[in-house]
Structure formats: structure tokens, C-alpha cells
Amino acid sequence: MASPCTTYHPSPGSPEDDSMMLFSTSTSCSPAKKSTRTHSNSSSFNSSSPPPPPQPSPNNKTYELRIRNLSYTISPNGSIFSSLMKKSTKPKTSILKSVSFVAGCSEILAIVGPSGTGKSTLLRVISGRVSDKEFDPKSIYLNDHAITSPAQLRNICGYVAQEDNLLPLLTVKETLMFSAKFRLRGMSPKEREERVESLMQELGLDHVADNFVGDEENRGISGGERKRVSIGVDMIHDPPILLLDEPTSGLDSSSALQVIELLSSMAKTKQRTIILSIHQPSYRILQYISNLLILSHGSVVHYGSLESLEENISRMGYEIPIQLNPLEFAMEIISVLENQEPHSKYQSCSYLRWKEAIIQDGANRQVIDQAKAAAVSNARCSSLFEIAVLCSRFWKIIYRTKQLFLARTMQALVGGFGLGSVYIKMRNDEGAVAERLGLFAFSLSFLLSSTVEALPIYLQERRVIMKEASRGAYKISSYMIANTIVFLPFLFAVAILFAVPVYWIVGLNPSITAFVFFTFVVWVIVLMASSLVLFLSAVSPDFISGNSLICTVLGAFFLFSGYFIPKECIPKYWLFMYFVSLYRYPLDALLTNEYWSLRNKCFSWNDENHSECLLTGNDVLKNRGLDKDTRWMNIGIMLAFFVFYRVICWIILARKVSKTTI
């Protein structure tokens, strides 16, 4: 009887890099197809093998991912291009060089190699995290059917990045529930709830379901549990192929082992295909890995089981030290492995032979189409649903961000009562005119600069948004609308807390209409400032740069508002700043609101008998160039700024999402 696994050795001179393709006679995942591990007596790596996988259900679809001669280069500007594309005059660096392997169901394939060998790039490519023009349709096959676009891979693959991009102020269950709402839109709420409960149990997270995810600043779950939450977020739609970029990075040995044990269990019980990159795993982790793909300088130096690697090392005349496992020793002699004969690099007992792929346009094409149709079905959901879910999440985050909530409330109250105590019961004389102008100018500066504390929250959310939106969870436009809806009432409350004490303690225009308009102007000011901060957070790489940029922009706007330098004295090449200044229009609106109904009131007399008026409310407005009541026009311009900055932010984020590979 023939052995269940054989090794094909290409004849000398055979063009394996151009024509070879991993091939299996069956697309099902049966035990006969699995590798049979044997340890030689001289083995330095001894461990018990994991239990055999259960029999697959006949109703479960299984997937076999085949990579054939995948080559990629990177241009100096950082974009990844296929080496098969047209040659450019610019020098390019080769990242992947004719990489070939097969990843079967119910097993874990580990991509190993020194830093900078292309492990993360390989995972991004085979997960579809590249653009259409960067994708080579002749190098990736699923069940013998060629993948023609990265969208097909994104529909069927789950991808877990190295960094845990999670919102720290959501609980574990809430994080998975929001992911389920976005990714499982065709399900009923009860079905989504059951899916989340089942997944938490599968991931071993049911005991921390109500704990916050946390981060460096907010205490939450452990690092291993956080990694499992990240895996759960990308497994909520139950993808048959799961790709993970260094899932054990930053974890202690116990947590790393738990994560790998979990992945091994999921691979066997659900017949999933799992591919992960890892740095020199321990001997306990290695027993859960079916095959190893060792890369060096973008090329494959070994593909096969751990036993075949040990045999290969022994055949080359090396003896593995007792204190090292074969993979650790392979990393030490990686340059020697890189220069070995090509046929020694591909020794896998998982597949029967190598040959050209046979493309089956029947059942295999149906597998791709069904996966794509399921993804499209899940994606068909009204924007109103996305906005409602995002509003719910936003509100939870704002409510739980005690620093922001408390800071905004205290700023408004302290600022309002503080300014009121300084300008308490202001007189109605000529000196009070200048004092009122100073009060309005300082209030504007205070309100516009008080929104800076929201910058860290926006920056923290941005990476999560990039990941979720790039994977089709929701549209950036839905995020922007939800952000606006949630912040409108929140900032309105801030405006009232500031406006009420300032207005009545200082003793501004006693008209109720003037007070309502003053409060409305304050609200629009903080809305406009919030949009500016949101826009600058989209273009800033970090908090320090963003904070510096905000201070610089606000300082320039204040300088050219017309308060320090009259419009006539501003140099012509800086005159445009006067018209785009966020200070000018609210300052004019506040002055008009204060004096328009008091145009005939006299604020300065020539003598004690009040026989001649020297300064009226109308004179105050004329000195500022406000001959007409432009309050609502200024409000319209301020609202236009509010919308403009959010639209620009939407464009920037949408462009970044289209290019992201998270």
C-alpha cells in the first residue's frame, strides 16, 4: 500500500519556479490527507502531538489556499507592486520572491523568519489587503480556482493585525456585539446575541464579558484576553480562512500558548484554514503547528512539517543541540538553508504531489461565488442602521470618558463663572464698550481652545475606524454623521453651562431674544471648533503634532480676526486670513447682538447735563464696520465652516481607508 504522503523531488533543471503548483487530488479535508508525524530516535524535539481532528461535517465547506510563485516588490514611495507589472525606471526592492505553499483546512501554517523577510507583507497580500492594480491574479488559488481580485479574498478571509485596535472603554461583550451588528446585518438581534455568546465561550472570554477592554491608561482585561478579543472581532462572521500577524507578539509564554491552543482548537473543530506569522515559537507551541513556511529575504527556505525540517538539517550534516528545537536552530543557520538545493525547500507530507493546477470551473467557482454573495448580502444595510449603531457606540464612549465629560463641564462652569466674576455688573459707559469687546474676544479664544482635549479621543478612534471601514463594516460618511449627531446635544449642554452665568452676571443686553441668540452663537462656536479639531486629527500623525497644529491655526485665526489688526492694516498677501478666520464672524455676531437693539442708546455724554451724546450703540457698530444687521449671515458662515471641516475630514479619512492595509 502506498504511503499517505509522498514527497516530489523535481528533476534537475526542471523549471519549478515557473510551472510548479501545489496540488491535491481532493478539496475536502479528510484525515487521510493530514500529515503523519514521526520522530526519529535522534530527534532533539520531543512532544506529544495534538489530538487528531474530528470528522468534518458533510455540510461544512472546506477551503484550501494555494499560493504559486507569488512575487512582490515595493517602490521607494512605499506602494507594493507585483513584480509581473511593467518595469519602472525607479529602483524597487523585492519583498517576496516566488513564494509557493499550500494551506489546508483543519491545520495551522506558521510563517517564520527573521524580521524584514516579508511575513507581514505576505499575509496582507493573501488576505486581500492590497489594491486591484497591486494584485497578481495568477498566483493565488482557492480550491483550485484562481482568485481574480483582492475583494474575493477579503470576503472569505478574516485578518487579525499585530496591533490590537480596540476601543478601550467598551466591554468585551459590547466590542463583539458592535462587530456582530456591522458584520452580521442579515441576522436578527437574537441570533447575533447567540452568536456573540457562542463566540465568547469558544474564545474563553465568557468570564470577562462585562469587563472593559482597556489599554495602557485604562485598566482592563489581560494582554492574552485582549488578543482573543481581537481574534473574535475578525471571526464574528465565521470566516473559513483566518490570517493572523504575530498573534503572540507582546504576550508572555503562558498567554501565547493559550492563544495558539485556541487557534488549534478552532482549526480542528470548525475545519478552518489558519495561517499566522510568528517569531521563534517555543517547543510547546510548535506541537500545534502543522506546517512551517520559513522565509529569508523574501524567499522560501523551507516548507513542510517540523519533522521534515529536522531531517533536512540532519541531511545537511548539522546536529541540533539538545537545548534547541529544530526551528530555533534553523534560524541560526538560515543563510545555509537559503543556499540549499531547491527541492529540499518543499518537503511537505500534507499533499500528494506537485503539478500544474487544474482549474475547476464548476463546484470550485461556486465556492467563491457563494462566499462573495454572502458578503454582499451582509453588506446590504441602510445607512440609517449604521448611523444608529455608531451613535450608540459614540454615546457609550463619551459617557464613559469621564475626563472629557468632567473637563468640558468644569471648563464651561469655571469659565462662565470666572469671566462673570471678572466683568461683574459691567457699566453702560464708554469704558464698558472696550470691556465688552475684550470679554467677547476672550470668550471666543476660550471656547475655541477648549475643544483641544477631544484630540486624543479622535486619534485613538482613528485607527479603529481605519480598520473597520476598510473591511466594509460601515461607511466613513455614516461615521461622520453619527459623530455629528452625538456631539450636537453634548456641546449644546456645554454652551448653556457657559452662556448662562456669563450673560447674566456680567449684565449684557437684558433682552431675552439677545440672550437666546448669544447662547446659540456660543453653541455654533464650539461646534465649529469641534469640526476643526476633528479635521486636524485626521491629518495629524500623533497628539504632539496635532496639538501644535491646533495652537498654530487658532493663533493665526485670532491674529487676523480684526481685533488686534484692523482689516485696512493687514498686508494684502495675508488678507485671505481675515476672511477665513474663525474668530471674525462670531465676534461680529456677538457685537451686533449686543448693540443692535441699543443703537439709539447713548454710552457717553459731553457734559453732566447730558445735552450732547458722544457715543451711541450705532457708533460702536460703525466703528467695527457693522452698518447692517449681519447676525444671521455670520451664523450661516459659521455653520458653513462647521460643515466644511467635516466634509474635508470625511474626504481625508475616506482616502486613507481606501489605502489602508490594517
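Visitor: Why is Asp629 called partly exposed?

Guide: The relative accessible area of Asp629 is 34%. Buried means under 20%, exposed means over 50%, and partly exposed is in between, with a 1.4 Å probe and protein chains only. At 34%, Asp629 is therefore partly exposed. The model is predicted, so local features need pLDDT of at least 70 and side-chain atom pairs count only at pLDDT 80 or more, while totals for chains, interfaces and linings use all residues. Residues are numbered from 1 along each chain as its sequence is written, and side-chain values use heavy atoms, with hydrogens and water left out.

Visitor: How do you know that Asp629 and Arg631 meet in a salt bridge?

Guide: The N to O distance between their side chains is 2.9 Å. The rule asks for a side-chain nitrogen of Lys or Arg within 4 Å of a carboxyl oxygen of Asp or Glu, so this pair counts as one of the structure's 17 salt bridges. Arg631 has a relative accessible area of 17% and is therefore buried.

Visitor: What makes Glu64 and Arg66 count as buried?

Guide: Glu64 has 2% relative accessibility and Arg66 has 0%, so both count as buried. Their side chains also meet in a salt bridge, at 2.3 Å from N to O.

Visitor: Which parts does the salt bridge of Lys396 and Glu174 tie together?

Guide: The side chains of Lys396 and Glu174 meet at 3.4 Å, N to O. Lys396 lies in helix 13 (residues 383-400) and Glu174 in helix 4 (residues 172-183), so the pair ties together parts 222 residues apart in sequence. Helices are DSSP runs of H or I with at least four residues, strands are runs of E with at least two, and both are numbered from the N terminus. Lys396 is partly exposed at 27% relative accessibility, whereas Glu174 is buried at 16%.

Visitor: How do you know that the length of helix 16 agrees with its number of residues?

Guide: The expected span is 1.5 Å times one less than the number of residues. For the 16 residues of helix 16 (residues 455-470) that comes to 22 Å, and the end C-alpha atoms are 22 Å apart, so the two agree.

Visitor: Why is helix 16 called largely enclosed?

Guide: Because 12 of its 16 residues are buried. Among them are Leu455, Tyr458, Arg462 and Lys467. Gly472, with a positive phi near 80°, follows helix 16.

Visitor: What makes the disulfide count come to zero?

Guide: A disulfide needs a pair of cysteine sulfur atoms within 2.5 Å, and by this rule the count is zero.

Visitor: Why is strand 10 called largely enclosed?

Guide: Five of the five residues of strand 10 (residues 273-277) are buried, so the rest of the structure largely encloses it. Thr273, Ile275 and Ser277 cover one side, and Ile274 and Leu276 the other.

Visitor: How do you know that strand 9 and strand 10 pair?

Guide: Pairing takes at least two DSSP bridges, and strand 9 (residues 241-245) has five with strand 10, in the parallel sense. Leu244 has Leu276 as its bridge partner in strand 10. The chain crosses from strand 9 through helix 7 (residues 253-269) to strand 10 in a right-handed β-α-β crossover: with the strands pointing away from the viewer, the path from the first strand over the helix to the second runs clockwise. Strand 5 (residues 107-112) also pairs with strand 10 in the parallel sense over five bridges.
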